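Welcome! Here is a short briefing to read with the sequence and the 3D view side by side. Take a look at both before going on.

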Amino acid sequence: MSTLFKRIDTVFLQVNDFDGTIKWYCDVLGFTLRWKDDKGGYAALNIGETALTLVRSKTEPAKNANISFNFYTADIERAQQLLLQNNVNVGSINEDGQVKWFKFQDIEGNELEVCYFKE
């Protein structure tokens, strides 16, 4: 265990529609805006200890084709239903015995994932 680094402070995700994506993450996923810098093109969203920072892309497209991180939930079925009710492109729930997960796409088409395991 590193004594120098305490945690991951933020995760960065490039987006094309800066304001629209901020609104989507707040409306659909229920995140709240921590801070926004329109001039610099950064916005940090509250989600637990580690913020999700959206960065306005300077080139198009900014779509992330690989899953860079996943979201943990204590109720994966409820999370999947919430996304489906908001017309999000959601995959089926997979299970390997200890972990359950599913993939989904945000409004920008970024591949993301939700996981559950007994803590």
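The radius of gyration used here is taken over C-alpha atoms, and the globule rule is 2.2 Å times the number of residues to the power 0.38. For 119 residues a compact globule would come out near 14 Å, and the protein has 15 Å, which agrees. Please keep in mind that this is a predicted model.

**Overall layout**

- The protein has two helices and eight strands.
- If you walk along the sequence, these elements follow the pattern β-α-β-β-β-β-α-β-β-β.
- The C-alpha trace spans about 45 × 45 × 25 Å along its principal axes.
- Counting contacts with a separation of 6 or more, 48% are between residues 24 or more positions apart.

**Surface and charge**

- The accessible surface is about 7,700 Å², and carbon and sulfur atoms make up 49% of that surface.
- Of the 119 residues, 35% count as buried.

**The nonpolar core**

- In soluble globular proteins, nonpolar side chains tend to be buried together.
- Here, the largest nonpolar core has 24 residues, and those with the most contacts inside it are Tyr25, Leu29, Leu54, Phe71, Leu83, Phe102 and Phe104.
- Two or more residues each come from strand 1 (10-15), helix 1 (18-29), strand 3 (42-46), strand 4 (51-56), helix 2 (76-85), strand 7 (99-105) and strand 8 (111-117).
- Helix 1 gives the largest share of this core, six residues.

- Phe71 lies in strand 5 (residues 70-72).
- Is Phe71 buried or exposed? Its relative accessible area is 10%, and buried means under 20%, so Phe71 counts as buried.
- Not counting residues up to four places away in sequence, Phe71 touches Tyr25, Phe31, Ile47, Phe104, Leu112, Glu113, Val114 and Cys115.
- One of these contacts, Val114, is 43 residues from Phe71 along the chain, yet their C-alpha atoms are separated by 4.6 Å.

**A threonine in strand 1**

- Thr10 is found in strand 1, and at 18% relative accessibility Thr10 counts as buried.
- Leaving aside residues up to four places away in sequence, Thr10 touches Thr50, Ala51, Leu52 and Thr53.
- Thr10 and Trp35 are 25 residues apart in sequence, and their C-alpha atoms are 13 Å apart in space.

**Loop residues around helix 2**

- Asp75 sits in the loop between strand 5 and helix 2, where Asp75 is partly exposed with a relative accessible area of 32%.
- From C-alpha to C-alpha, Asp75 and Tyr116 are 7.2 Å apart in space, while 41 residues apart in sequence.
- Asn86 belongs to the loop between helix 2 and strand 6, and Asn86 is partly exposed at a relative accessible area of 31%.
- Asn86 and Leu29 are 57 residues apart in sequence, with 9.3 Å between their C-alpha atoms.
- Asn87 is placed in the loop between helix 2 and strand 6 (94-95).
- How accessible is Asn87? Its relative accessibility is 73%, and the cut-off for exposed is over 50%, so Asn87 counts as exposed.

**A backbone angle worth a look**

- Most residues other than glycine have a negative phi.
- Asn87 has a phi near 60 degrees, which is a positive value in a residue other than glycine.

Note on methods:
Residues are numbered from 1 along each chain as its sequence is written. This is a predicted model: local features need pLDDT of at least 70, side-chain atom pairs count only at pLDDT 80 or more; totals for chains, interfaces and linings use all residues. Side-chain values use heavy atoms; hydrogens and water are left out. A nonpolar core is a set of buried Ala, Val, Leu, Ile, Met, Phe, Trp, Tyr and Cys residues joined through side-chain atoms within 4.5 Å. Buried means under 20% relative accessible area, exposed over 50%, partly exposed in between (1.4 Å probe, protein chains only). Helices (H or I, at least four residues) and strands (E, at least two) are DSSP runs, numbered from the N terminus. Contact means heavy atoms within 4.5 Å. Accessible areas come from the Shrake-Rupley method with a 1.4 Å probe; for residues, only the protein chains shown count as cover.
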